[in-house]
Amino acid sequence: MGDRRILVIDDEAYVRDLMMEVFTREGFLVKTASDGETGLDLACTGAFDLILLDLKLPKINGLTLLRSIMERDPDAIVVVITAYGSIETAIQAMKLGAYDYVTKPFEIDQLMLIVNRALERGNLIRENRYLHEELARNYKFDGIIGKSPRMQEVLKIASTVAPTDATVLIYGETGTGKELLARSIHYQSPRANGPFVVMNCGAIPETLLETELFGHEKGAFTNALTARAGKFERAEGGTIFLDEIGDMSLAMQVKLLRVLQEKTIERVGGSRPIRVNVRIIAATHKDLKAAIREGRFREDLYYRLAVVPLELPPLRERREDIPALAQYFLKKYREQLGKDVRNISPLAMRRLRSYHWPGNVRELEYCIERAVILANGPTIGVEELWLDPPAPPQEEEDLSLRSVERKHIQRVLSEVNWDVESAARKLQVEVGDLLERMAKYGITLEERLQA
């Protein structure tokens, strides 16, 4: 308890001396002030876990001082001291933010009980603040690894839409990080202190999905012995993430559309509309426009969900991000597993960059975790990666304009030993234009090492 700091603001010397003696004996660090001005100066340093404040002070009235303290630090823990018979003033102080009050004359045991409870309250406030700050750090956009142009564009749009309440539809293959992006949007929004509730619409049978989303009333079906809130009610004031929205049946799509339009839900077996204040972020790996053409997805729901569409590129289309991602996962699992594995060999890194990654970032993470487990020394080699051998070349050549242009640029760069200025002259384009095209197609000068 020696790191606990208490500030006593009281104009009576014997009270200050008594509290100094009592709290010092209990292991606290104690500072005292005899008037409001000195007390306010000390309180504003933010160095105290608890402030004991007499409401009757010279120079600055106790309530005025309390108001100033709470304006500067709404999380300050203040216990007020008041004379017997002035309970109304103490209640007024609690309305201004004081945690509790004691009346003079007070018993030391009573005072210690209130102080210990107040300190526990302070601990909870600090822990909650730390957790929210930690969540914000973990899910802030510059914490998502992606220096490639396509990822940077996605993050730019996401950071713009995050402070709004607009619905977001995230496209991407399995393992590209759709839930991570959704969490980042939530924790950078005004709803960050509210819940983030995840619902995988493809993992729940249709008969149960309605109950999971909207809840049910008592007796709605067999074994519904009590009423139960659904995901939407649990997400009140926060965000609900509807993953694999493309797997939702047409019947459920109609009900979800109603929620988006009317901001209300009805529990299964109920008839009373329940208003909900929830932001919706949806995600899918399917082509919803194709599903609309085939009659499997409602067009009106699509446009309600896709106010801001975001598409996460597969890992094979942003290979320049692979080294940074691999190093991030290496650090993560080195610390989790307690193994001194600090490096990835150049040959292993080359293999990581050339692999096709059907499972995207998630597969890369599992690969690095496994490699850390298997590594016998400080460096991960190719033999620890356990990746499938390179796929044989396709029989049918890719003749798309994107593929042909990419191969032509690579061929010219190879002919001039990767001298960008010489390549630009041969291609009859400006150097800046060539660099933009290289970035567009994911061509990096590091490919020279693989040639």
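Let's start with Ala-324, which is partly exposed, because its relative accessible area is 39%. By the cut-offs used here, buried means under 20% relative accessible area, exposed means over 50%, and partly exposed is in between, with a 1.4 Å probe and protein chains only. You will find Ala-324 in helix H13, residues 322-337. Helices (H or I, at least four residues) and strands (E, at least two) are DSSP runs, numbered from the N terminus. Ala-324 and Gly-146 sit 178 residues apart in sequence, and in space they are 8.3 Å apart, C-alpha to C-alpha.

A quick word on what you are looking at: this is a predicted model, where local features need pLDDT of at least 70 and side-chain atom pairs count only at pLDDT 80 or more, while totals for chains, interfaces and linings use all residues. Residues are numbered from 1 along each chain as its sequence is written, and side-chain values use heavy atoms, with hydrogens and water left out.

Now, the whole chain. It has 19 helices and 14 strands. Its radius of gyration is 31 Å, well over the 22 Å that the globule rule gives for 451 residues, so the chain is more spread out than a compact globule. That radius is taken over C-alpha atoms, and the rule is 2.2 Å times the number of residues to the power 0.38. Along its principal axes, the C-alpha trace spans about 95 × 60 × 45 Å. Of the 451 residues, 44% count as buried.

What about contacts along the chain? Contact means heavy atoms within 4.5 Å. Among contacts with a separation of 6 or more, 69% are between residues 24 or more positions apart.

Next stop, Ile-87, in helix H4, residues 87-95. Leaving aside neighbours within four places in sequence, Ile-87 is in contact with Tyr-101 and Thr-103.

Let's move to Arg-267, in the loop between strand E9 (264-265) and strand E10 (274-275). Arg-267 is buried, since its relative accessible area is 14%. Which side chain does Arg-267 join through a polar contact? That partner is Glu-233, at 2.9 Å. A polar contact is a pair of N or O atoms within 3.5 Å; within protein, one must be able to donate a hydrogen and the other to accept it, and residues adjacent in sequence count only if both atoms are side-chain atoms. Setting aside neighbours within four places in sequence, the contacts of Arg-267 include Phe-214, His-216, Arg-228 and Ile-274.

Finally, some backbone details. Most residues other than glycine have a negative phi, and most peptide bonds are trans. Against that background, a cis peptide bond joins Lys-104 and Pro-105, with omega about -10°. Pro-105 is in the loop between strand E5 (100-104) and helix H5 (108-139).

Trp-357 has a positive phi, near 50°, and lies in the loop between helix H14 (346-354) and helix H15 (360-374). Trp-357 counts as buried because its relative accessibility is 0%. Asn-417 also has a positive phi, near 55°, and is in the loop between helix H16 (401-415) and helix H17 (420-427). Asn-417 counts as exposed because its relative accessibility is 58%.
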